[in-house]
2 protein chains.
Amino acid sequence: MYMTQGIHRSVQTDGDGLATSFRGRKRTWSQFAGRVARLAGALRALGVRPGDRVAMLSQNSDRFVEYFYAVFWIGAVATPVNIRWSLTEILYSLDDCTPSVLLFEENFIDHAAALRQQAKSLTRFIFAGDGVGPDWAEGYETLIAESEPVADCTSGGDALAMILYTGGTTGFPKGVMISHRSLVCSTLLVAQVAPPDRKAITVHTMPMFHIGSTTRVFRAVHFGSALEILPRFAPELVIEALAAGIYADIALVPTMLGMLLDHSDAHGGDISPIRHLFYGAAPMPEALLRRAMTALPHASFYQAYGQTELSVVTMLEPEFHGIDKARSKLRSAGRALPGVDVKIAAVDGSELERCATGEIWVRSPSAMMRYWNRPDTTAETMIDGWVRTGDAGYMDADGFLFVVDRVKDMIISGGENIYSVEVENAILKHAAVRECAVIGAPDDRLGERVHAILVLREGHSLTLEQLSAHCAPLVGGYKRPRSLEIRRASLPLSAAGKVLKSVLRDEYRAKARRADEASDN
Amino acid sequence: MYMTQGIHRSVQTDGDGLATSFRGRKRTWSQFAGRVARLAGALRALGVRPGDRVAMLSQNSDRFVEYFYAVFWIGAVATPVNIRWSLTEILYSLDDCTPSVLLFEENFIDHAAALRQQAKSLTRFIFAGDGVGPDWAEGYETLIAESEPVADCTSGGDALAMILYTGGTTGFPKGVMISHRSLVCSTLLVAQVAPPDRKAITVHTMPMFHIGSTTRVFRAVHFGSALEILPRFAPELVIEALAAGIYADIALVPTMLGMLLDHSDAHGGDISPIRHLFYGAAPMPEALLRRAMTALPHASFYQAYGQTELSVVTMLEPEFHGIDKARSKLRSAGRALPGVDVKIAAVDGSELERCATGEIWVRSPSAMMRYWNRPDTTAETMIDGWVRTGDAGYMDADGFLFVVDRVKDMIISGGENIYSVEVENAILKHAAVRECAVIGAPDDRLGERVHAILVLREGHSLTLEQLSAHCAPLVGGYKRPRSLEIRRASLPLSAAGKVLKSVLRDEYRAKARRADEASDN
């Protein structure tokens with residue numbers, strides 16, 4: 001199993017077929033293969049050897065895809081950089097995995113210039129944008145034009161293919177080492193539930209440094225499915241891509257789907273060409289699903305649950321997205337993919353009874369090898385072949401997994417375990433609430449108390465008393481919010497579209513500290 | 001990746017669902033898992049250790065499936081015996097892989113008794129039939145009732161799971177070693193083209209010692225698809241199974257499909273519940289396809305090409321089975337599955353031009369580990385990760401593979417290479433011909449000459465002159481048959497439904513020798 005296999009097969013069966021499309025620039029599979037082989041030659045000439053890391057700091061583009069495969073082609077290791085990180089976080093991750101080459105584009109010239117000064121390992125820079133790059137960087141197209149193609153080394157199996165950094169917002173980023181075999185297995189496992197649709201084009205909007213997004217790129221190349229690449233998610237870009245009269249296979253988090261529906265309602269634009277809609281990071285709210293099913297009458301919905309360390313491990317199939325039937329499964333993350341073991345474990349790793357909440361443990365052919373340079377964290381996370389997800393959840397009698405919270409987002413209040421998501425779901429049922437997060441705030445009496453942070457709908461207001469009264473019939477008394485904060489701006493989201501509770505906790509603590517200092521003065 | 005994973009997942013998601021059905025005997029997944037765990041305990045108590053081989057000599061049954069998984073459950077190695085072999089061939093294979101335990105049923109009591117005397121490694125016997133077995137054998141149901149269940153050792157990955165013997169009719173049988181990973185990968189690769197249909201039941205008719213058949217059993221367990229097991233292929237048994245009102249997923253060779261259609265026409269019996277029809281060993285003749293599509297209006301047809309050393313590596317998808325469109329692909333074996341490398345190679349392994357005929361080489365995650373005890377044969381067959389199939393073929397411009405012959409069935413006549421299948425296809429177009437095989441007969445002048453062996457349709461006759469005239473516009477002059485033999489009985493078939501040309505060649509030579517001896521006297 002090796003990552004470049006899909007290129008060879010696509011050239012064999014569909015050489016003149018469309019491989020990538022970006023801002024009107026289109027390449028066939030034969031052209032794509034030729035460019036990858038020449039970029040691979042260029043990287044080798046720049047001194048990249050098998051096992052060396054090569055970084056890319058870029059919005060999505062067709063060149064981002066070529067970068068991945070040129071790196072695999074010479075047996076090197078792709079380390080795409082999280083573009084939402086601060087320079088400090090990026091620098092930390094680069095100093096950790098020590099790539100010698102960095103590719104970047106016009107949006108990141110300043111970052112690249114700073115990294116050139118500060119990242120010790122970087123010696124060569126490639127400007128992979130359009131227009132003219134800085135004079136200290138090689139030109140991407142010049143390299144491709146002037147380099148000889150090299151033969152695919154077909155490195156694969158247990159060889160390291162990619163390092164993705166995760167957890168940058170909570171402590172130091174950890175480098176997740178993913179082998180060729182794990183990446184290919186991830187594609188094969190998902191295909192059991194969502195087989196390739198040869199009539200559909202993959203419309204790619206999610207940032208390519210994220211596991212849920214890279215695996216979508218790799219899936220398209222594996223199956224020889226054409227990629228329509230958008231530089232980033234924006235509703236108008238998606239609608240423009242869909243206007244080309246294609247059948248689309250797209251991945252969006254529920255929030256993005258909502259934005260897309262809003263934009264379509266407000267400005268027109270037909271989104272019905274979407275045939276396959278993958279979503280993750282959060283269950284699909286029923287109201288949003290109802291809206292989406294009207295706007296997307298031909299679409300199959302697939303929920304995927306996973307994490308960087310595992311890739312996708314459970315899926316909720318299209319048949320459980322009916323409005324009327326199987327509604328009880330809609331808030332679940334679906335069932336383990338065939339070939340994947342999922343269990344709800346006690347602290348000692350033993351499996352809990354059905355419907356009991358515990359940590360989700362997973363054993364999968366798509367699992368990471370280990371963390372880069374972090375044997376202790378690896379030993380804490382991987383136990384007898386199982387990966388501890390850090391997510392809390394339960395499994396119903398039919399084997400459907402319900403993710404209730406991050407284990408570390410659990411609030412312990414008065415000795416009781418409170419899963420914040422459960423409280424959030426209750427709060428979100430209030431008509432005035434648009435966004436909501438619940439965190440544990442330090443409390444002298446309770447240890448932690450339930451603190452709610454809300455964004456309200458235009459023209460609404462809400463007091464703690466009103467909120468508490470709303471929650472009373474929905475959750476146990478000890479789970480009701482004890483304090484409330486209302487914000488105007490949207491809550492901070494991770495690249496995967498999840499609310500960053502660690503940021504909210506940090507902000508809360510900083511504010512409390514300032515208040516303490518003010519009262520001391 | 002481990003073979004028993006599917007059992008655990010099916011218990012998790014569908015414990016009360018149907019797992020196996022055989023002659024009216026039905027077991028749920030929970031029952032199946034419990035029986036496997038107890039049979040595993042029994043095998044361990046009989047002294048079977050991880051890596052030990054356990055043999056089974058039996059027609060298909062639900063117990064055959066339990067045998068496979070009980071063996072995997074304790075990390076042992078399944079060696080199902082080819083029931084069409086002579087005692088000599090069976091003995092050879094058992095002395096090669098040295099199992100200590102043999103399971104058998106009522107059809108093979110005599111064989112088992114003989115093996116008890118002659119097979120050196122066998123020490124324990126289990127009667128897995130119905131009724132009372134010989135007193136020197138343990139009773140299968142007694143063992144299950146009286147043994148404690150043991151925990152699944154979850155042996156997997158590169159560990160040896162199964163040895164299947166191949167080539168018994170041509171030289172000595174070779175044991176093909178297949179790992180857990182290869183078997184799971186085989187299921188995942190095929191699922192890309194033929195995803196599981198949860199509404200369908202797998203109707204199992206092909207003998208379980210054959211790769212194309214065992215992998216169908218393993219696929220069903222992996223996906224948690226119910227298995228309706230027939231002891232052997234017989235049209236009336238298939239029709240009886242279909243009468244239960246199920247949607248069926250079935251594998252048949254084209255010959256069997258023809259028999260099924262004949263039986264349905266002659267005796268009635270609705271075969272339309274067949275929804276997924278897998279076939280292999282030979283392309284689907286167009287006339288048969290036309291007939292089948294009328295009788296099976298809801299069926300998707302899938303052709304699979306592979307061999308014991310590789311499992312399935314190319315498939316022809318349902319959309320290429322239309323009568324009117326894509327007819328030119330119908331005689332092909334389809335395209336490489338995504339994740340599988342297929343090339344047409346010259347003798348040195350270099351890839352030939354498109355449409356040139358050479359040996360088919362394959363690199364696949366489903367490939368065997370090596371041959372058991374045969375390092376020399378392994379070294380000849382596996383080269384740089386590629387498996388030489390021994391099949392000759394070519395690939396068209398769209399990447400479709402056409403299998404033209406076994407390399408060793410190629411006839412060299414007057415210095416020209418003649419692929420016998422090409423000649424056979426020409427002959428089969430004659431209305432009088434029901435079955436046909438072409439072999440190379442020793443010839444003083446040509447080296448070999450094209451010799452045709454035919455079975456004619458009822459009431460027809462055919463002379464060599466007529467046959468030659470028929471072939472004249474279809475194949476080059478040097479390819480036309482130079483001698484002809486007409487038989488009344490059907491041609492001998494392998495377990496996979498292929499004409500046994502080695503048998504025909506042996507018979508021809510024996511007959512020629514007898515004729516020589518007679519003329520000498």
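Looked at helix 2 against helix 3 in chain A first. The axes of helix 2 (residues 29-45) and helix 3 (residues 62-73) of chain A come within 8 Å and cross at roughly 60 degrees. Axes here are lines fitted to C-alpha atoms, over the stretch in contact for helices, with angles from 0 to 180 degrees between N-to-C directions. Helices are DSSP runs of H or I with at least four residues, strands are runs of E with at least two, and both are numbered from the N terminus. I noted that the residues making this contact include Arg35(A), Leu39(A) and Leu43(A) of helix 2 and Glu66(A), Tyr69(A) and Trp73(A) of helix 3 of chain A; contact means C-beta atoms, placed from the backbone, within 7 Å.

This is a predicted model, so I kept in mind that local features need pLDDT of at least 70 and side-chain atom pairs count only at pLDDT 80 or more, while totals for chains, interfaces and linings use all residues. Residues are numbered from 1 along each chain as its sequence is written, and chains are lettered from A and ligands numbered from 1 in the order written.

Next, the sheet. Chain A has an open sheet of 9 strands, order 2-1-11-10-12-13-14-15-16, with mixed pairing. Strand 2 (25-28) and strand 16 (335-336) of chain A each have a single partner strand, so one side of each lacks a neighbour in the sheet. Strand 1 (residues 18-22) of chain A pairs antiparallel with strand 2 of chain A over 4 bridges; pairing takes at least two DSSP bridges. I found Leu18(A) opposite Thr28(A) in strand 2 of chain A. Helix 2 of chain A lies across both strand 1 and strand 2 of chain A, at about 90 degrees to strand 2.

Key
Two residues are in contact if their C-beta atoms, placed from the backbone, lie within 7 Å.
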